[in-house]
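Please go through the fold, extent and surface of the model shown here, with the cut-offs given for each term.

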Amino acid sequence: MNATIDFYFPFIIFAYGSIMTFATHLPISRSKAEEVVHSEVLDWFYSHKILGVVCFFVGGLWSLQRLLF
């Protein structure tokens with residue numbers, strides 16, 4: 001079971017990073033979110049912007065390494 005979790009964990013990190021990166025960097029998603037979400041929650045969400053980018057790149061490289069080796 002641990003081997004299965006160890007295999008899929010980089011892909012989960014990459015998926016989280018992809019979602020956060022695209023959600024926080026696309027202007028259309030921000031404009032739609034400003035209409036619906038309270039400003040404090042929106043500020044909290046956008047404070048995770050750097051974490052999303054880091055997870056995107058680290059998870060992507062880690063996933064490639066997991067697939068190739």
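Q: In what order do the elements of the protein chain run from the N terminus on?
A: This is a predicted model, where local features need pLDDT of at least 70, side-chain atom pairs count only at pLDDT 80 or more, and totals for chains, interfaces and linings use all residues. Residues are numbered from 1 along each chain as its sequence is written, and side-chain values use heavy atoms, without hydrogens and water. Helices (H or I, at least four residues) and strands (E, at least two) are DSSP runs numbered from the N terminus. The chain has four helices and zero strands, in the order α-α-α-α.

Q: What is the radius of gyration of the protein chain?
A: The radius is taken over C-alpha atoms, and the globule rule is 2.2 Å times the number of residues to the power 0.38. The C-alpha trace spans about 45 × 20 × 15 Å along its principal axes. A compact globule of 69 residues would have a radius near 11 Å, but the protein chain has 15 Å.

Q: Is I28 buried or exposed?
A: I28 lies in helix α2, residues 27-36. Buried means under 20% relative accessible area, exposed over 50%, and partly exposed in between (1.4 Å probe, protein chains only). The relative accessible area of I28 is 56%, so I28 is exposed.

Q: How far apart in space are I28 and F57?
A: In sequence, I28 and F57 are 29 residues apart. From C-alpha to C-alpha, their separation in space is 23 Å.
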